Amino acid sequence: MVVPFGVGMAHEEMIKDNSKLSSYDAYFEKIQSRKKLPQLMQETLTAAFANIPVSSFPEVPGGKVIEILADTSVADALKILSECNILSAPVRNPDTENSADWRDRYLGIIDYSAIVLWVLESAELAAVALSASTATAAGVGAGAVGALGALALGATGPVAVAGLAAAAVGAAVAGGVAVDKGMGKDGATAADKLGKDFYKVILEDEPFKSTTVRSILKSYRWAPFLPVSIECSMLSVLLLLSKYRLRNVPVIEEGKPDIKNYITQSAVVQGLDRCNGRDWFDLIAMQPISELGLPFMSPAEVISIQGDELILEAFKRMRDNQIGGLPVVDAPKKKIVGNVSIKDIRYLLLKPELFSNFRKLTVMDFMQTIASQETGKVIPPITCKLDSTLASVIQSLALKSVHRIYVVAGEDDEVIGVITLRDVISCFIYEPPNHFDNHLGFAVKEILNQ
């Protein structure tokens, strides 16, 4: 039987949504099956969170949520995130300043994940532009002939994507600059010869210089703008931050245009750390992590990187697995020697001296370069043992303002697991029957559509 096109597409979307939802369910079910907590305690604690309104959660430092306008350049957005020491920020549409509807005012969340994706692609696109001597050879008119330029050069694969690649190659053609016809086919090879010029092209030359947050949000949107009202319960927020994989949840007040608060996974874990000494917290957190089923992964599931591998490979691995960091290990026993976070991408854009050997920079060289500029030595990774208490893990995450802690074993400190902020939050809650439909229906549908 032939399925009509529209019906087939709808069926495929339904399968995709069900698959995504199943992955959330599978993660949470595994956690619930491994937690060795009395059912009554879990129900009591979950009910308590359900009765705490979001309005009671502490406001962000300074009382004002940092926002980034959609027309801000990627470079300036990165500087804002770095200077404010935050991982993400809501993106506001400057064209709808007078609207009180959050759907009009906010386009999404810009975070380091989206910037990583943009940098990885731009590295190869910049190589094409540099091989043409200049990315601004045609000035403003470059984009107009971009598609023809890409075709003329035989550009395929990563460098043939619409937008940046077309404009970069088009600029060269419109300017009459001679280019190796095969260059566009292998941006990675060309990028090997970039050197320090990469920094200049990405931040100072067109079309990269004019790349705005709005444009990469459309292509690399990873974090949706999914607010909750101040009347919402903290249980719903905790479920969004754990089971449904959101890293942050904006809080809005109905009828008012501005964001009231911005609750992150880090802020929740820091809040849990301040609960140390309370009976309900100690009953759970004073147990060894192994008694709570942590880490929620097997040693074989740990994604790592070796010190002699390329730093770009580390960021690609984070991108491909949608994770925020990797342990740096010394093979073959996976002895942990360092950590690379997705936030470290800022060094590749804000410190041009790192580009002298851009495509050949190893993970270890990258860590040592950062260390020499910051503290003079490589900062040791945050680790714990299987007999560590959950309270000590929470304290380490909160005090160090990190997003993961590595579980190690044996004298060689072999990495056997990772505990994330998401995992910690998941230890304290479960999802009551029908909570999905009664409280999170709209939110989860939005997540599934991303």
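The side chain of E431 makes a polar contact with the side chain of K243 at 2.5 Å, and another with the side chain of Y244 at 3.3 Å. (A polar contact is a pair of N or O atoms within 3.5 Å; within protein, one must be able to donate a hydrogen and the other to accept it, and residues adjacent in sequence count only if both atoms are side-chain atoms.) This is a predicted model, where local features need pLDDT of at least 70 and side-chain atom pairs count only at pLDDT 80 or more, while totals for chains, interfaces and linings use all residues. Residues are numbered from 1 along each chain as its sequence is written, and side-chain values use heavy atoms, with hydrogens and water left out.

**Where E431 sits**
- You'll find E431 in the loop between helix 18 (421-426) and helix 19 (435-439). Helices (H or I, at least four residues) and strands (E, at least two) are DSSP runs, numbered from the N terminus.
- E431 counts as buried because its relative accessible area is 17%. Buried means under 20% relative accessible area, exposed over 50%, and partly exposed in between (1.4 Å probe, protein chains only).

**The whole chain**
- The protein chain has 20 helices and 12 strands.
- Of its 450 residues, 49% are buried.
- Take the contacts between residues at least 6 apart in sequence: 71% of them join residues at least 24 apart. Contact here means heavy atoms within 4.5 Å.

**Two threonines**
- T72 belongs to the loop between strand 1 (68-69) and helix 3 (74-83), and with 16% relative accessibility it counts as buried.
- The T72 side chain reaches the backbone oxygen of L69 at 2.9 Å.
- Setting aside neighbours within four places in sequence, T72 is in contact with A77, T211, T212 and V213.
- T264 lies in strand 6 (residues 259-264), and its relative accessible area of 21% makes it partly exposed.
- A polar atom of the T264 side chain lies 3.0 Å from the backbone nitrogen of A267.
- T264 and R247 are 17 residues apart in sequence, yet 5.9 Å apart in space, C-alpha to C-alpha.
- Not counting residues up to four places away in sequence, T264 touches L241, R247 and N248.

**V407 in its strand**
- V407 is part of strand 11 (residues 404-409) and is buried, with a relative accessible area of 0%.
- Leaving out residues up to four places away in sequence, V407 touches a list of residues including I289, P295, C384 and I419.
- From V407 to P299 it's 108 residues in sequence, but 9.6 Å in space, C-alpha to C-alpha.

**Helix 12 against helix 17**
- Two packed helices are described by the angle between their axes and the distance between the axes.
- Helix 12 (residues 265-273) and helix 17 (residues 390-400) pack at about 125°, with their axes 9 Å apart. Axes are lines fitted to C-alpha atoms, for helices over the stretch in contact, and angles run from 0 to 180 degrees between N-to-C directions.
- That makes helix 12 oblique to helix 17. Angles under 35 degrees count as roughly parallel, over 145 as roughly antiparallel, 65 to 115 as roughly perpendicular and the rest as oblique.
- On the helix 12 side, V269, Q270, L272 and D273 meet I394, Q395, L397 and A398 in helix 17.

**Helix 14 and what follows**
- In helix 14 (residues 311-321), the buried residues are I311, L312, A314, F315, R317 and M318.
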